[in-house]
Amino acid sequence: MRLSLSKKRRFSCACLSDLGRKRSGNEDAWHADPERGLFLVADGMGGQSCGEVASRAVAEELPKALLEALAARPEADGPAVEQALRAAIAACSASLRERSRQDPRLRGMGSTVVLALFHGPCATIAHLGDSRAYLMDKGRLQRLTRDHNLASLLLDLKKITPEEAADHPGRHRLTRHVGMETTAVADVRTLRCKGAGRLLLCSDGLSGMLPDQRIAELLRENPDPESACRGLVAAANKAGGEDNITVLVADWSPAGKAAA
Amino acid sequence: MSAVRLEVTRGPQAGKVFEFPAHDTFIFGRSGECHCAIPDDPYISANHFLLEANPPDCELRDLGSKNGTRVNGELCGGRTKGEDHRQAAKRARPVRLKDGDLITAGQTEFKVSLPRPDPGPATKTLARPAASAPGEALPQVPGWRVEKEVAKGGMGTVYLAFREGDGERTALKVVRPEAARMNKHLIDLFLREMKVSLGLRHPNIVRFLDEGFSDGVFYFAMEFCESGSAAELMEKNGGRLELSLAGRIAAQALEGLGYAHSRSIVHRDLKPHNILLHGEGPALQAKLADFGIAKDFSLAGMSGMTASGSGGGTLYFMPKEQLRDFRKTRPVSDVFSLGACLYNMLTNEPVYDFESVADPCLAVLQDKVVPIGRRGVRLPEPVAAVIDKSVAPDMSRRFQTAAEFRQALQSVLP
């Protein structure tokens with residue numbers, strides 16, 4: 001669909017993807033389409049160069065497939081958008097898995113994905129894996145996604161405590177991702193986004209290095225998206241830069257006003 | 001002397017000696033669960049320090065003890081004001097011990113004796129890959145003539161190769177670690193860990209013929225199994241295997257597994273892809289492959305996949321205890337995995353009901369094992385009962401050893 005958001009909102013966005021301090025290649029990828037209000041971050045995995053192939057495939061193919069699916073349903077409302085997102089992510093996962101089966105060089109590849117699609121007065125967020133979405137609303141940071149990793153799952157099941165989860169080895173083991181063996185079921189939620197606000201999508205190279213409180217401080221200290229991205233990446237590198245760091249900051253405001 | 005030796009030279013247990021001939025851990029503290037427990041010393045914490053012996057090396061790490069651990073009088077770790085034991089343990093740095101070092105905790109003192117390092121064979125070299133065909137590159141390994149690539153997997157590439165001299169055929173596995181994480185200590189650690197697995201000699205375990213490291217890659221020459229894997233055989237047969245064939249493969253694999261367990265080696269990654277086959281018909285022989293490579297590779301911190309947040313391989317054959325904490329993987333966990341392989345060979349289905357959950361790990365953690373009788377394959381009742389017992393989520397309800405499982409299986413096979 002030609003999303004109505006472009007008529008209702010203006011976006012100002014920036015994205016920065018950094019190697020970090022320990023990695024030799026960048027396996028993160030991103031996509032930003034402020035015209036249509038579609039933003040995405042993907043973090044590849046699979047060793048050698050497979051991770052890069054996987055995240056790039058997600059960043060290139062998923063937005064295309066999603067917009068094609070929605071073009072056929074111009075009146076799509078919240079539940080329909082959610083359904084379209086789930087279906088597009090499941091199809092993308094099956095396609096990646098098949099590609100990995102066909103080509104032995106790509107065996108084991110996969111990727112996380114976190115995606116935000118603005119429509120009408122709402123935004124729908126979908127994710128698989130441990131890339132995150134945050135909403136900055138009136139100076140308060142709210143995490144919109146729950147990491148799909150083993151430590152989070154054990155914590156939910158009350159098998160471990162929050163203290164144990166913080167350094168549990170299972171925090172590196174993803175329980176859901178694009179390209180997984182079984183059907184990929186993305187977590188999807190829709191929220192109302194009135195007035196102006198700020199969205200952050202990031203790979204775990206940021207959230208694994210900085211606590212949420214520090215992320216909130218940096219988002220508050222940097223009013224424009226570009227400086228916010230630079231500040232976040234610099235802080236993650238200063239904290240060790242263990243992984244590739246990708247941050248996408250999108251500010252929105254009602255059409256006719258400059259983005260916050 | 002080839003073992004790391006720890007002698008109590010002072011304190012209530014003076015005179016006691018602990019020896020570690022192979023890779024092992026040792027915990028000292030007040031708790032009765034420690035390997036050396038001193039319950040009455042108020043200056044010792046419940047879990048005071050951890051020693052990791054891996055002859056000829058040995059490292060010590062304070063476990064966040066209240067009063068810290070001293071090595072040659074120097075304080076290593078211990079809590080600071082306001083810190084709890086978890087925070088202190090996290091902050092503590094491991095200390096590489098030297099021969100003759102003295103460790104003190106509370107009133108107890110230990111003397112460390114380390115074996116002389118084994119210089120080992122001269123370093124083998126692996127020349128840089130030479131291009132052999134457009135778009136292809138075959139590695140050149142001293143002593144082996146590499147003919148062609150036969151498989152590629154998550155852990156590396158397998159080539160068909162022949163030994164120079166006697167022409168013995170081998171499956172040559174080349175494993176490339178995440179380059180950025182490599183250092184000499186990790187390479188030595190990995191090869192030393194691997195030596196235990198390389199020493200396994202059994203008709204139902206794939207034999208290692210040679211190994212080495214150079215130019216950033218490890219290589220392992222293994223016995224070549226010309227009939228492929230049980231997974232390939234399943235595919236050729238349209239998915240499922242007959243009970244007589246699957247049962248024979250599983251029983252033979254259990255023979256090999258029992259032998260490895262008797263040498264304290266746990267596989268941790270059993271799946272039909274890792275059960276290789278030699279010969280055909282009545283001469284068919286099943287052999288377990290990849291003992292140790294996946295586990296040791298990731299434990300040694302060289303797996304880029306682990307570091308970057310891996311999907312972590314298939315859950316189809318994994319017991320709950322291994323998913324919750326891979327360090328708790330025991331022989332009985334391999335029993336589950338082999339039972340799951342047999343289940344899969346007979347049904348072409350996983351043991352778990354993955355379709356009922358969004359998160360496949362939940363199927364494992366919530367014990368969603370489907371009894372084999374519900375998979376629509378006609379099996380004699382006693383066979384189904386043996387297989388269901390082998391994949392019981394509660395490990396105390398499983399066969400406790402590979403031998404127990406094999407005997408039960410053989411007694412019900414037609």
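Contact here means heavy atoms within 4.5 Å. The structure is a predicted model, in which local features need pLDDT of at least 70 and side-chain atom pairs count only at pLDDT 80 or more, while totals for chains, interfaces and linings use all residues. Residues are numbered from 1 along each chain as its sequence is written, chains are lettered from A and ligands numbered from 1 in the order in which they are written, and side-chain values use heavy atoms, with hydrogens and water left out.

First, a look at B:D101. This residue sits in the loop that links β9 (95–96) to β10 (102–105) in chain B; strands are DSSP runs of E with at least two residues, helices are runs of H or I with at least four, and both are numbered from the N terminus. Leaving out residues up to four places away in sequence, B:D101 touches B:V71, B:N72, B:R96, B:F110, B:K111 and B:V112. With a relative accessible area of 5%, B:D101 is buried (buried is under 20%, exposed over 50%, partly exposed in between, using a 1.4 Å probe and protein chains only). A polar atom of its side chain lies 2.7 Å from the backbone nitrogen of B:K98.

Chain A has a buried loop aspartate too: A:D243, at 8% relative accessibility, falls between α8 (225–238) and β11 (245–254). Residues up to four places away aside, A:D243 touches A:L19, A:G20, A:R23, A:D43, A:D204 and A:G205. By contrast, B:L50, in strand β5 (residues 49–54) of chain B, is partly exposed at 22%. Its C-alpha atom is 9.9 Å from that of B:H35, 15 residues away along the chain.

Now for the nonpolar cores, meaning sets of buried Ala, Val, Leu, Ile, Met, Phe, Trp, Tyr and Cys residues joined through side-chain atoms within 4.5 Å. The largest has 65 residues, and B:I249 and B:L342 touch the most other members. Helix α4 (residues 243–262) of chain B gives the most to this core, ten residues in all. Beyond its neighbours within four places in sequence, B:L342 is in contact with B:A246, B:G247, B:A250, B:I387, B:F405 and B:L409. A second, separate core of 35 residues includes A:A57, A:V58, A:V81 and A:C92.

As for confidence, chain A averages a pLDDT of 89, and 93% of the residues score at least 70; pLDDT is the predictor's confidence in each residue, from 0 to 100. Residues 1–6 of chain A fall below 50, and this stretch has 23 contacts in the model beyond near neighbours in sequence. Where pLDDT is low, the predicted coordinates should not be read in detail.

Definitions and conventions. A polar contact is a pair of N or O atoms within 3.5 Å; within protein, one must be able to donate a hydrogen and the other to accept it, and residues adjacent in sequence count only if both atoms are side-chain atoms.
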